[in-house]
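Here are a few notes to go with your first look at this one. Have the viewer open and follow along.

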Amino acid sequence: MDVTKADEVRGLVDAAVSRYGRLDILINNAGATLFKGIEETTEEDWNRILDTNLKGVFLGCKFTIPAMRQSGGGSIVNIASVAGLLGMPQHFAYCAAKAGVIHLTKSLALDHGRENIRINCICPGGVLTPMLGEVININDPMQVERVAKQHALGRVAEPEEIARVSLFLCSKDASFMTGAAVTVDGGIAAGRMGQVHSR
Ligand SMILES: NC(=O)c1ccc[n+]([C@@H]2O[C@H](COP(=O)([O-])OP(=O)(O)OC[C@H]3O[C@@H](n4cnc5c(N)ncnc54)[C@H](O)[C@@H]3O)[C@@H](O)[C@H]2O)c1
């Protein structure tokens, strides 16, 4: 289904509830990136990036929260990005959308905490997925190394390293967490990498 289409998102939620009788977990993971400056960015580009990354999260939450309320609570994890915390060159539309996801998460956490619905987001750094392949050639070790060097850990993440944090946020171990923006970014947001003193 297409996360930007209200009918399709509602249909998926209804199908899940009718199949399983309840809804406990939503991971809003679909996303799309764009590597363009503002003058090259068309209105269609802007709509695609905002619709996929931000409207999709809105729709997912909108139709899931009533079902979670009926189940007595639940956990929502929105996949934001370190790009929602920091500006990135040629990435303004994606950064704006992901910053929106972070604040949507915090606001909804306030609205639905009393209903035992916990809503958190994850801000990944570079992850070795096809999306990274849209920004660099992931088969070129030099290009991967250039991105890896921006992370304190000196590498990009495997997708499972983000998935495990999603699982944690949905588990009872995270029962007191809501409204959090959890950075899983290999240290990108900790500060700027690079040598300041040459001595
Ligand atoms: N890869 C990274 O470096 C990185 C870093 C930070 C955050 N993220 C975020 O992680 C999430 C997962 O991305 P990924 O790295 O796996 O990228 P990806 O491009 O490999 O996967 C994105 C998925 O979203 C789906 N999708 C796109 N538009 C959709 C739509 N309208 N409806 C339904 N599905 C749609 C695609 O089919 C694809 O399966 C995204 O929200 C992305 O912004 C990725």
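1. Start with K98, which touches N53, I79, A80, S81, A83 and G84, leaving aside residues up to four places away in sequence. Contact here means heavy atoms within 4.5 Å. K98 is found in helix 3; helices (H or I, at least four residues) and strands (E, at least two) are DSSP runs, numbered from the N terminus.

2. A word on the source: this is a predicted model, where local features need pLDDT of at least 70 and side-chain atom pairs count only at pLDDT 80 or more, while totals for chains, interfaces and linings use all residues. Residues are numbered from 1 along each chain as its sequence is written, and side-chain values use heavy atoms, with hydrogens and water left out.

3. Now look at Q90, in the loop between strand 2 (74-79) and helix 3 (92-112). Q90 isn't a glycine, yet has a positive phi of about 60°. Q90 is partly exposed, at 42% relative accessible area.

4. N116 sits in the loop between helix 3 and strand 3 (117-124), and its phi, near 65°, is positive too.

Key:
Buried means under 20% relative accessible area, exposed over 50%, partly exposed in between (1.4 Å probe, protein chains only).
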